Amino acid sequence: MPERAHTVRQITLFFTAGFALVTLLLGAGAYLLGADVVREQLDAQIVAETRALRTVAEEGGRPALVDALRRRDDRGVNSFGYLLTTADGRTLGGELVTEPLAEGWHDIRFRDPDGEGHPARSLVTRLPGGERLTIAMESDLPVQLRNRLLFLFALGLALLVAIAVAASALFGRTIIGRLNTINRIATAISRGQLDARIPVSRQNDEFDKLAATLNDMLDRNAAHIVNLRRVSSDVAHELRTPIMRLRLRMEQSLADAGEGTAEAAAIERSIADIDSILSLFAALLRIAEVEAGGLRAYFRPVALTATVEALAESYALAAEDGRRTLVTRLEPGITVNGDRDLLAQIVVNLLENALRYTPPGARITLSLAAGGTASAPMVELTIADDGPGIPAADRARALQPFERMSSGGGGHGLGLSLVAAIVASHGGTIELADNTPGLLVRIILPRVPATPTDS
């Protein structure tokens with residue numbers, strides 16, 4: 001199962017949240033501005049009505065003003081409410097029922113003839129004769145309008161956020177899908193499948209252009225790797241023949257020199273050096289063969305438990321002779337897809353390293369256990385010892401060719417690099433860890449159902 005791409009999801013969620021926040025701020029600003037506009041319109045109508053009635057009072061006096069208020073109240077459809085009082089609060093005209101108010105603007109609630117209260121905006125004005133004229137205008141409709149606008153805005157915001165979230169999810173899924181494809185191919189290449197390439201669709205978008213560029217780079221690198229391996233293999237093959245001839249001549253010279261002479265001892269040392277060179281060439285050719293990936297075509301189910309168990313039995317005596325203890329913990333019935341000889345080479349190299357680099361009295365533990373998940377079953381092979389181990393800073397380097405962690409162990413530093421190449425060719429991973437004390441080598445390989453055809 002591919003890992004979740006947190007960065008893409010965070011980016012999409014960030015833009016969604018930003019979009020929602022900007023929309024919310026714009027809506028809130030529009031709502032507040034609309035409220036101010038509605039209030040200004042109410043105030044303007046009240047001021048205009050106040051001026052008209054003030055003119056009536058100035059021209060006709062109190063009787064004319066009272067008559068004008070009566071005629072306005074009798075219409076029954078006027079949106080204004082009127083109240084004319086004396087300076088001491090006695091009502092002179094108008095049907096507006098409200099508490100006494102000081103001069104100026106007020107937000108009030110007045111009662112209609114049915115006794116129901118309504119919010120209103122009112123203006124109290126002092127007339128030239130000392131009377132107080134209160135004119136109010138209902139604010140129910142503007143408030144209802146604002147509430148409906150607020151509801152529509154909230155609904156629109158919810159729809160916009162839902163659309164943005166859906167679009168972000170679709171965008172994220174698309175980006176994550178393409179990135180997972182690139183990541184999967186890169187993982188396959190890192191595990192030795194050098195022929196794996198990123199699929200290119202017909203859309204010819206940015207990802208397709210990136211995939212084409214990466215594929216071209218991979219093709220060039222693969223060609224360089226193939227050429228380098230071919231040259232290395234050719235050099236090894238070409239040098240083996242003259243070295244074998246030299247060895248034959250040295251053996252003939254050894255036979256002519258006679259036993260026990262200084263010349264014979266020198267020739268024997270030379271033959272040992274030649275054998276070491278031939279062993280080096282054989283290891284290099286084996287690594288090149290494994291890394292080339294051609295052996296995967298011959299992989300088949302291998303009963304790994306039986307293979308490891310047989311090797312453990314053969315090395316138990318060698319460990320006992322070296323005064324070391326070999327302990328096995330092997331889960332039965334584990335099967336992997338691969339090459340039996342290569343898988344056996346992993347165990348052989350690791351056991352020989354453990355026997356070579358641990359002191360007498362050391363304990364070596366060989367374990368094999370099933371793991372992973374139902375969709376991705378895995379097998380874990382570990383070899384641990386309580387010897388000197390490998391410093392954490394040198395563990396990655398220990399898997400490289402010609403890297404020897406000890407000068408007294410002999411060899412050419414190709415054992416762990418060969419193991420790493422075999423593990424990669426089988427689609428697995430290798431890790432060097434601290435066994436506190438000692439070294440722990442953990443190998444993870446894909447597991448298949450236990451239907452072996454080879455044991």
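Asp 73 is part of helix α1, which covers residues 6-75. The model described here is predicted. With a relative accessible area of 15%, Asp 73 falls under the 20% limit and so counts as buried.

Apart from neighbours within four places in sequence, Asp 73 is in contact with Tyr 82, Gly 94 and Glu 95. Leu 96 is 23 residues from Asp 73 along the chain, and the C-alpha atoms of the two are separated by 9.3 Å.

## An aromatic pair

The partners are Phe 80 and Tyr 82, with ring centres 6.2 Å apart and an angle of 40° between the planes, which makes the pair tilted. Phe 80 is buried at 14% relative accessibility, and Tyr 82 is buried at 1%.

## Salt bridges

Side chains of opposite charge can pair when their charged atoms come close. A search of the whole structure finds 15 salt bridges. One of them joins the side chains of Arg 62 and Glu 131, at 2.9 Å from N to O. Arg 62 lies in helix α1 and Glu 131 in the loop between β4 (117-126) and β5 (132-138), so this pair ties together parts that are 69 residues apart in sequence. Arg 62 is partly exposed, at 38% relative accessible area, whereas Glu 131 is buried, at 9%.

Arg 178 takes part in a salt bridge with Asp 208, in which the closest N and O atoms are 2.8 Å apart. Asp 208 lies in helix α3 and Arg 178 in helix α2, so the pair links parts that are 30 residues apart in sequence. Asp 208 is buried, with 2% relative accessibility. Elsewhere, salt bridges with shared partners join Asp 43, Asp 107 and Arg 121 into one network. Arg 178 also meets Asp 205 in a salt bridge of 3.3 Å, N to O. Asp 205 is buried at 18% relative accessibility, while Arg 178 is partly exposed at 21%.

## A nonpolar surface patch

Leu 149 is located in helix α2 (residues 140-190). Together with Phe 151, Leu 152, Leu 155, Leu 159 and Ile 163, Leu 149 forms a nonpolar patch on the surface, and the accessible area of these residues together is about 630 Å².

## Helix α8

Among the buried residues are Leu 416, Val 419, Ile 422 and Ser 425. Gly 427 follows α8 and has a positive phi, near 75°.

Notes
Residues are numbered from 1 along each chain as its sequence is written. This is a predicted model: local features need pLDDT of at least 70, side-chain atom pairs count only at pLDDT 80 or more; totals for chains, interfaces and linings use all residues. Side-chain values use heavy atoms; hydrogens and water are left out. Helices (H or I, at least four residues) and strands (E, at least two) are DSSP runs, numbered from the N terminus. Buried means under 20% relative accessible area, exposed over 50%, partly exposed in between (1.4 Å probe, protein chains only). Contact means heavy atoms within 4.5 Å. Patches are made of residues with over 30% relative accessible area and no salt bridge: like charges are joined within 9 Å, nonpolar side chains (Val, Leu, Ile, Met, Phe, Trp, Tyr) within 5 Å. Accessible areas come from the Shrake-Rupley method with a 1.4 Å probe; for residues, only the protein chains shown count as cover. A salt bridge is a side-chain nitrogen of Lys or Arg within 4 Å of a carboxyl oxygen of Asp or Glu. Rings of Phe, Tyr and Trp (its six-membered ring) pair if their centres lie within 6.5 Å; planes under 30 degrees apart count as stacked, over 60 as edge-to-face and the rest as tilted.
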